[in-house]
Amino acid sequence: MDCSGLYDLIIIGGGPGGLTAGIYAMRAALKTVLVEMGAPGGQVNLSDAVENWPGDEHIGGAELSLKMLNHARSYGMEIRSDEVTVIEPGLDGHTVRLAGGDCLKAHSVILATGGSPRKLEVPGEKEFYGRGVSYCAVCDGFFFRNKAVAVVGGGDSAIEEALYLAKLAREVIVVHRRDQLRAGALLQQRAKAECRIRFAWNSVVTAIQADANGVNAVALRNTVTGDSSALPVDGLFIFIGFVPNNRLVPAGIRRNADGYVITDEKCATTIPGLYVIGDLREKYARQIVLSAADGCTAALAAAHYVETRKAALECALPAAK
Ligand code: NAP
């Protein structure tokens, strides 16, 4: 099927990276469309509070997303709500096919599909998802008021979410596979000072148990002694990192061993005009501000690429008689 129209830029993914790319692309007068299959904002929407976005000491994740979305919209950026099924790179432009049946074509594409929560892969995780197993404290914490919950993980996400849950739950037990947290010092201090939070150190969850009312316990194994025990809880929140959403990355583009895409400093891949930004890209740290920075970089690089390409295409046209 031929695609109608030709965009300068298609952005896939509406998180902070994609929306920032949109703002810069519109300001550079690129004909741009952003495709997002869920609510614009991505993972940030799931954050109760963001405290490291410069200029906002404390802002709700959903509020920050909305501000970014409205900023991009203020330049008239087109937004399509659809799922991208495939990107087909081509010399005459890149084709992006949508689940709804449409197809889009552009000189350049920015892929900003981020990551998804890593799964524990233990018995009960899939079966009891939504019945006590959750990957989002802001979404589901309300159901655990005055109840006991376990949080798995020792990174920033786990500790931030444990702090959020401590405002609602009776008790929050952070289950971590080592005896030291990975989370930043400030979050660690806050969590250790919070009387409703306690830690199950050197422990991993090996199974999740439930009855007709939902989760009622998790089985733990001590990573040092090998001992097994049962921890009675009403819910289990899992924050053990992310896996990159790399399904749409065309073949031939380099990825590291964890599946993150390797780009150059312009966020460019080995396919001309195709950029990868944000949490999908191999990088030192994953922060909202870094995704936004990637969005800026890639949009500026795309603008230069599109301008050069259009000039080259124009010169290649046969002269008018
Ligand atoms: P993360 O930093 O990769 O931490 C994952 C945690 O889960 C680690 O403590 C890890 O243990 C543990 N873990 C991994 N696989 C496990 C398994 N199979 N079983 C048990 N435990 C497991 O992930 P994250 O906390 O989601 O953060 C992702 C990125 O976003 C990081 O760069 C983080 O700094 C950033 N972030 C920043 C903020 C903020 O600045 N406010 C908030 C959220 C996230 P080990 O420690 O033993 O490896």
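Strands β1 and β2 (residues 32–36) run parallel and are joined by four bridges; two strands pair if DSSP finds at least two bridges between them. Helices (H or I, at least four residues) and strands (E, at least two) are DSSP runs, numbered from the N terminus. This is a predicted model, in which local features need pLDDT of at least 70 and side-chain atom pairs count only at pLDDT 80 or more, while totals for chains, interfaces and linings use all residues. Residues are numbered from 1 along each chain as its sequence is written, and side-chain values use heavy atoms, with hydrogens and water left out.

**Strand β1 and its partners**

- The path from β1 to β2 goes through helix α1 (residues 16–27), and this β-α-β crossover is right-handed (with the strands pointing away from the viewer, the path from the first strand over the helix to the second runs clockwise).
- β1 also runs parallel to strand β6 (residues 103–111), joined to it by five bridges.
- Ile11 has a bridge partner in each neighbour: Leu34 in β2 and Ile110 in β6.
- Strand β1 (residues 7–12) is mostly covered, with six of its six residues buried (under 20% relative accessible area; exposed is over 50% and partly exposed in between, with a 1.4 Å probe and protein chains only).

**Aromatic pairs**

- A pair of aromatic rings is described by the distance of the centres and the angle of the planes.
- There are four aromatic pairs in the structure (rings of Phe, Tyr and Trp, the last by its six-membered ring, with centres within 6.5 Å; planes under 30 degrees apart count as stacked, over 60 as edge-to-face and the rest as tilted).
- One of them is Phe142 with Phe143, edge-to-face at 6.5 Å centre to centre and 75° between the planes.
- Phe142 is partly exposed at 48% relative accessibility, and Phe143 is exposed at 56%.
- Phe144 is buried at 9% relative accessible area, and Phe237 is buried at 0%.

**Charges over rings**

- The charged end of Lys31 sits over the ring of Tyr7, 4.7 Å from its centre (the criterion is NZ of Lys or CZ of Arg within 6 Å of the ring centre and within 35 degrees of the ring normal).
- Lys119 lies over the face of Tyr135, at 5.0 Å from the ring centre.
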